[in-house]
Amino acid sequence: MSTRLLLTVAEYGRIGEAGGFDSLGRRIELIDGEIHEMSPVGPIHSDFIDYLSSWSIRVAEPAGMRVRIQSDIVLSDSTQPVPDVTWMNGRRYLDRLPLPSDVRLIIEVADSSLSFDLGTKADRYADAGVAELWVVDVTHRCLHAMSDPLGGTYTQRRRFEPPQQPAPLCLPTAKLDLADLFDEPEA
């Protein structure tokens, strides 16, 4: 009889530090104790991350926050995802990976991963108490904004489309121009 081998964040970290994942040549993250392969980053996904990274650094860092791009955070003892963009409290994280209490906003870019990002991943972020999650839906050209986590789900869910300009709850003056993000010419 065989069973699944579930890893803790600590075990996952030790394997990574020992170079155990180096030969895979794949992007991975730990969700519910299981190693998940992330979709390869193509030109569209990369471009959206570049745009959101530039915008995030421009608006969040002057407000005293740190911005990390495709870097691990720890949600629980069995979940260590790699969000596309993370806004965090303005400190350095030399001693540990960021925790949910450090996170102000997570932005995920979804082209092929929309159902996972809006489902399993959103539920894990909410369960951990991440205050706000944005999922940029490349295919449908919209932004799903979720906030107010309670009982493993986000109680507030909003959908924004161009020409709307949503702003994160942690920085209401930082408006994201969706028409520009989705490269829609002005009418």
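Is Trp-87 buried or exposed? Hi everyone, let me start there. Trp-87 counts as buried, with a relative accessibility of 0%. Before I go on, please keep in mind that this is a predicted model.

Let me stay with the aromatic side chains for a few minutes. There are four aromatic pairs in the structure, and I will walk you through two of them. The pair of Phe-48 and Phe-182 has its ring centres 5.6 Å apart with the planes at 55 degrees, so it is classed as tilted. Where do the two partners, Phe-48 and Phe-182, sit? Phe-48 belongs to helix 2, residues 43-60, while Phe-182 is in the segment after helix 4, so the contact ties together parts that are 134 residues apart in sequence. Both Phe-48 and Phe-182 are buried.

Back to our opening residue. Trp-87 forms an aromatic pair with Trp-55, and that pair is tilted too, at 5.4 Å centre to centre and 40 degrees between the planes. Trp-55 is in helix 2 and Trp-87 is in strand 4, residues 85-89, so this pair ties together parts 32 residues apart in sequence. Trp-55 is buried, with a relative accessible area of 4%.

Now for the charges. Side chains of opposite charge can pair when their charged atoms come close. How many salt bridges does the count come to? The count comes to nine salt bridges, and I have picked out a few.

The salt bridge between Glu-34 and Arg-4 has its closest N and O atoms 1.9 Å apart. Glu-34 lies in strand 2, residues 34-37, and Arg-4 in the segment before helix 1, so the bridge ties together parts that are 30 residues apart in sequence. Glu-34 counts as partly exposed, at 26% relative accessibility, whereas Arg-4 counts as exposed, at 61%.

Glu-161 is partly exposed at 36% relative accessibility, and Arg-159 is partly exposed with a relative accessible area of 44%. Finally, Glu-29, Glu-108 and Lys-121 are linked in a network of salt bridges.

What about like charges? Asp-47, Asp-50, Asp-180 and Asp-183 form a negative surface patch. Asp-183 is located in the segment after helix 4, which spans 178-181. With a relative accessible area of 64%, Asp-183 is exposed.

Which residues does a cis peptide bond join? It joins Pro-162 and Pro-163, with omega about 10 degrees. Pro-163 is in the loop between strand 8, residues 153-160, and helix 4.

Two aspartates also have a positive phi. Asp-32, in the loop between strand 1 and strand 2, has phi near 55 degrees, a positive value in a residue other than glycine. Asp-32 is partly exposed, with a relative accessible area of 33%. Asp-148 is not a glycine either, yet its phi is positive at about 55 degrees. Asp-148 is found in strand 7, residues 142-150, and is partly exposed at 39%.

I will finish with two C-alpha distances. Ala-122 lies in helix 3, residues 114-128, and is buried with a relative accessible area of 0%. Between Ala-122 and Arg-157 there are 11 Å in space, C-alpha to C-alpha, and they are 35 residues apart in sequence. Ser-54 is in helix 2 and is partly exposed, at 42% relative accessible area. Ser-54 and Val-67 are 13 residues apart in sequence, and their C-alpha atoms are 9.8 Å apart.

How values were computed. Residues numbered from 1 in each chain as written. Predicted model: local features only at pLDDT ≥ 70, side-chain atom pairs only at ≥ 80, totals over all residues. Heavy atoms only, no water. Patch = residues over 30% accessible without salt bridge, like charges linked within 9 Å, V, L, I, M, F, W, Y side chains within 5 Å. Areas by Shrake-Rupley, 256 points an atom, 1.4 Å probe, with all protein chains shown as cover. Salt bridge = Lys/Arg side-chain N within 4 Å of Asp/Glu carboxyl O. Lys, Arg positive; Asp, Glu negative; His and termini not counted. Charge placed at Lys NZ, Arg CZ, Asp CG, Glu CD. Helix = DSSP H or I, 4+ residues; strand = E, 2+ residues; numbered from the N terminus. Buried < 20%, exposed > 50% of the residue type's maximum accessible area, 1.4 Å probe, protein only. Phe/Tyr/Trp six-rings, centres within 6.5 Å; stacked < 30°, edge-to-face > 60°.
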